[in-house]
Each structure stands twice: as C-alpha cells, then as structure tokens.
Amino acid sequence: MISRRDVVQVARRPRVCLSLIGLILALLATGITQAETGERPGPEAVDRGKKLYNAYCVACHKPMGVGEPIVPWSIRRTDLIEAMPLNETSHAWHHGDDQLTVMILDGTDRSRTRMPVWRNSLTEQNAADLIAYMKSLWSDRIVSCQGPKHMDCM
Ligand code: HEC
C-alpha cells in the first residue's frame, strides 16, 4: 500500500533538486565560484584582485608583481628578505591555489617579520581574488604548469 507519507516524500524530491540547481545558479551569478590550481579565473575576479593588490600588496611586491630589487649581500641587512616577484619570474606559481591562500592569509614560515598575516583583514574570497590577479600576470603555459606539476614543465 502506498501511504500518504510516501506520496509526499516522492513529490518533495524534485523540489530538493530544484533548490540545489537554484543554489548553484545563485553562486555562479554572484561570482563566488573560483578557479582551481592551473585554471585561469574570470575577469571579474581579476579586477577585484587588482584593487586589493594595489591597496594591500603593491608597497612590497611592487606594481605588476615585479617584486623588490635584490639588495647586494655586502650591504644587506641579514634579517631582510626581499618581497619576491609574484609574476612568473619567481616561484609563486610553483604553489597551488590552496598553498597560496595559506601564505596570503597566514604568512609564510620564513616571513613572520615582513610578509604580513592578512587573516584579520582579508577573507578567503579576497585571497582567491588576489590569486586571480597574480594568475593574470602569468602566461598560459605558466598557469597550466602551476602547482605540484611545475617540475614536469621545467
Ligand atoms: C610589508 C611587505 C609585504 C607586503 C605588504 C606583502 N608582502 Fe607578500 N611577501 C613579503 C616578503 C618579504 C615575502 C617573502 C617571505 C618569505 O620568503 O617567506 C613575501 C612573500 C609572499 C608570497 C610567497 C611567494 C612565494 O613565491 O613563495 C606570496 C604569495 C605573497 N607574499 C603575497 C602577498 C599578497 C597577496 C600581499 C597583499 C595582500 C602581500 N604579499 C603583501 C612582503 C610583503
């Protein structure tokens, strides 16, 4: 015997599916989705990332992510580590998106004194947008070689 309860449950299932599809469409519409390691993000994410970069990062990593000039060892402070380029000339692209997110929000192991920890002022979405901007400074080949597989591309 099919009870009234079964009928209600069967009837409800499509609604759950529809809500899920709705949620996915809403996420796509608000642009909260992000590209993955080795993928090029969309132009909106790059634009948001560029604004954040120019507000928070450009002082050290310099315009277009070219990084600070290397100080000759004879005159450098021993505790100073230059802010390396974030464009493709250094090794930022050797890290996957997850690692870059941790570096941006929590700092790198070596950098406790200079690379700030941004977790209190920036969100995970901000970090994703900053990575989108960094990727816009990389060529297609470098984007496709990003992360653990970079060794195969050297
Ligand atoms: C006060 C200077 C300063 C500011 C501001 C700064 N950084 Fe850094 N950043 C550094 C230094 C110095 C290093 C190198 C530290 C190290 O090697 O551990 C670094 C390292 C990094 C790395 C690791 C790169 C690699 O190749 O391993 C990333 C990614 C990074 N910064 C992103 C950012 C982003 C994004 C911002 C802005 C939200 C930012 N930084 C702001 C100084 C700065």
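**Entry 1: ground rules**

I count two residues as in contact if their C-beta atoms, placed from the backbone, lie within 7 Å. I am looking at a predicted model, where local features need pLDDT of at least 70, side-chain atom pairs count only at pLDDT 80 or more, and totals for chains, interfaces and linings use all residues. Numbering starts from 1 along each chain, as its sequence is written.

**Entry 2: the whole chain**

Read from the N terminus, the order is α-α-α-α-α-α-α. Next I checked burial: 18% of the 154 residues count as buried (20 or more other C-beta atoms within 10 Å of the residue's own; 12 or fewer is exposed, and in between is partly exposed). I also looked at the reach of the contacts. Of those between residues at least 6 apart in sequence, 58% join residues at least 24 apart.

**Entry 3: the core**

Which residues have the most contacts inside the largest nonpolar core? I found Leu130, Ile131 and Met134, in a core of 18 residues. Such a core is a set of buried Ala, Val, Leu, Ile, Met, Phe, Trp, Tyr and Cys residues joined through C-beta atoms within 7 Å. At least two of its residues come from each of α2 (43-56), α4 (97-106) and α5 (124-136). α5 gives the largest share, 7 residues. I then picked out Leu130 and set aside its neighbours within four places in sequence; what remains in contact with Leu130 is Gly49, Leu52, Tyr53 and Ile104.

**Entry 4: α2, one side and the other**

The end C-alpha atoms of its 14 residues are 20 Å apart, which agrees with the 20 Å they should span at 1.5 Å a residue (the expected span is 1.5 Å times one less than the number of residues). The buried residues in α2 are Ala45, Gly49, Leu52 and Tyr53. Why do I place them on the same side of α2? They cover an arc of only 105° around the axis, taking the arc from the directions that run from the helix axis to the C-beta atoms. If you turn to the other side of α2, you will find Pro43, Glu44, Lys51, Asn54 and Ala55 exposed. The cover over the buried residues of α2 includes α3 (58-61) and α5.

**Entry 5: α5, enclosed**

α5 was my next stop. From first C-alpha to last, its 13 residues reach 18 Å, close to the 18 Å expected at 1.5 Å a residue. Is α5 largely enclosed or largely open? I found it largely enclosed by the rest of the structure, because 10 of its 13 residues are buried. Those buried residues include Asp129, Lys135 and Ser136 as well as Leu130, Ile131 and Met134. The partners that the buried residues of α5 pack against are α2, α4 and α6 (140-144). Glu124 also belongs to helix α5, but I noted it as exposed, with 12 other C-beta atoms within 10 Å.

**Entry 6: how α4 meets α5**

Two packed helices are described by the angle between their axes and the distance between the axes. For α4 and α5 I have an angle of about 115° and axes 9 Å apart; the axes are lines fitted to C-alpha atoms over the stretch in contact, with angles from 0 to 180 degrees between N-to-C directions. On the α4 side, the contact is made by Asp97, Leu100, Thr101, Ile104 and Leu105, and on the α5 side by Glu124, Ala127, Leu130 and Ile131.

**Entry 7: two backbone angles in a loop**

I went looking in the loop between α3 and α4, where Lys62 sits. Phi of Lys62 is near 70°, a positive value in a residue other than glycine. Lys62 is partly exposed, with 16 other C-beta atoms within 10 Å. Beyond residues up to four places away in sequence, Lys62 touches Gly67 and Glu68. Met84 is 22 residues from Lys62 in sequence and 9.4 Å from it in space, C-alpha to C-alpha.

Met64 lies in the loop between α3 and α4 too. Its phi is near 60°, again positive in a residue other than glycine. I noted Met64 as partly exposed, with 15 other C-beta atoms within 10 Å.

Terms used:
Helix = DSSP H or I, 4+ residues; strand = E, 2+ residues; numbered from the N terminus.
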